[in-house]
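Hi everyone, thanks for coming.

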Amino acid sequence: MFGSRPVPVALAGCGYWGRNLARNLHQLGHLAAVCDPSAKILKEVRAAYPGVRATRTYDDLLADRKVKAVAIAAPAADHYALARKALLRGKDVFVEKPLALRVAEAEELVELASREKRILMIGHILEYHPAVVKLKEFVDAGELGDIHYVYSNRLNLGKVRQEENILWSFAPHDISVILLLIKAMPVWASTAGQSYLQHDVADVTMTCLAFPGRARAHIFVSWLHPFKEQKLVVVGSRKMAVFDDVVKEGKLKIFDKGIDWKDGRPVIRQTAESTLFFPEMEPLREELSHFVECVRSRKTPRTDGLNGLRVLKVLDACQRSIETGGVPVRLGA
């Protein structure tokens with residue numbers, strides 16, 4: 001469609017995370033315009049990216065025929081409306097997680113993108129992390145055996161948000177990776193949360209997901225924690241894997257550990273530990289490059305609208321569980 005020429009992408013929202021999208025899109029040669037309500041931010045955009053259009057009006061971006069796609073990094077509450085408007089104006093859309101705040105809205109966006117024959121991609125950035133890509137290859141090859149359980153900790157002190165709780169801010173990353181590895185939707189979700197800093201905005205949540213068969217997962221997220229931790233542990237019937245995104249080296253390790261039964265007695269098996277190596281790549285750069293390639297080729301993104309919808313359905317069940325004191329909520333119920 002565009003060959004190897006730049007694909008003009010407009011960015012809606014250039015705040016805390018949007019700045020990273022702007023930087024990568026510009027370095028890739030695709031940033032055509034930026035929209036943000038802040039005059040201060042637009043001034044910074046003009047200084048950093050001469051020649052890139054800067055405007056406070058979203059409709060200005062959509063009216064520009066040169067703009068072929070829109071990347072949305074606005075507050076989560078605005079994702080649905082901005083994505084819907086862009087799709088209706090014939091633009092391909094990249095939207096940061098979550099796709100929307102309501103399942104019905106996400107379903108509408110997926111249907112709209114399909115009807116308008118537009119690309120709809122969700123920013124589940126960890127699915128583009130080279131360590132996660134390598135881990136998925138390992139799981140798919142059966143190296144870990146059957147997955148027994150997965151746990152994920154995503155903890156830090158700040159950044160505290162007021163428009164969304166910790167579940168919606170942090171957990172989509174972990175949910176997307178767990179669904180990627182287990183390749184199934186949970187049967188039920190149970191989430192306990194507590195608000196310590198703000199009324200009715202959970203700062204800490206602990207989630208348990210039950211999958212078909214015996215696979216289980218739990219997710220612990222908090223922005224009220226003494227240190228930063230971003231760790232995913234996968235325990236299989238043959239081996240175990242640990243992805244630690246905080247350490248600089250050895251982010252992905254495989255442990256040949258487990259329990260064997262000999263003469264009717266459990267015996268600990270602890271043999272080799274190995275580090276898996278992968279190319280040093282910025283996940284966001286890989287993610288945005290994939291989006292642009294999908295716009296060019298019209299192929300379905302790895303994290304398409306249906307991917308975003310699945311994650312949202314899990315988030316919705318978790319949120320309903322929080323509101324009932326942690327009672328398990330069946331998916332689809």
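**A first look at the chain**

The chain has 9 helices and 15 strands; these are DSSP runs numbered from the N terminus, with at least four residues (H or I) for a helix and at least two (E) for a strand. The radius of gyration is 21 Å, close to the 20 Å that the globule rule gives for 333 residues, so the chain is as compact as a globular protein of that length. That radius is taken over C-alpha atoms, and the rule is 2.2 Å times the number of residues to the power 0.38.

A word on what you are seeing: this is a predicted model, where local features need pLDDT of at least 70 and side-chain atom pairs count only at pLDDT 80 or more, while totals for chains, interfaces and linings use all residues. Residues are numbered from 1 along each chain as its sequence is written, and side-chain values use heavy atoms, with hydrogens and water left out.

Now, the sheet. Which order do its strands follow? The 9 strands of this open sheet run β14-β13-β12-β11-β7-β10-β9-β8-β15, with mixed pairing; two strands pair if DSSP finds at least two bridges between them. At the edges stand β14 (265-275) and β15 (329-330), each with a single partner strand, so one side of each has no neighbour in the sheet. Between β8 and β15 the pairing is antiparallel, over 2 bridges, and Ala189 has Val329 in β15 as its bridge partner. Helix α9 (residues 305-323) packs on the sheet and touches β8, β9 and β15, where contact means heavy atoms within 4.5 Å.

Let's zoom in on β8 (residues 188-194), which holds Ser190. Is Ser190 buried or exposed? Ser190 is buried, at a relative accessible area of 16%; buried means under 20%, exposed over 50%, and partly exposed in between (1.4 Å probe, protein chains only). A polar atom of the Ser190 side chain lies 2.6 Å from the backbone oxygen of Gly326. Not counting residues up to four places away in sequence, Ser190 also touches several others, including Met206, Cys208 and Pro328.

Last stop: His290, in helix α8 (residues 283-297). His290 counts as buried too, with 12% relative accessibility. Its side chain reaches the backbone nitrogen of Arg302 at 3.0 Å. Leaving aside neighbours within four places in sequence, the contacts of His290 include Met121, Tyr128 and Pro301.

Technical notes
A polar contact is a pair of N or O atoms within 3.5 Å; within protein, one must be able to donate a hydrogen and the other to accept it, and residues adjacent in sequence count only if both atoms are side-chain atoms. Axes are lines fitted to C-alpha atoms, for helices over the stretch in contact, and angles run from 0 to 180 degrees between N-to-C directions.
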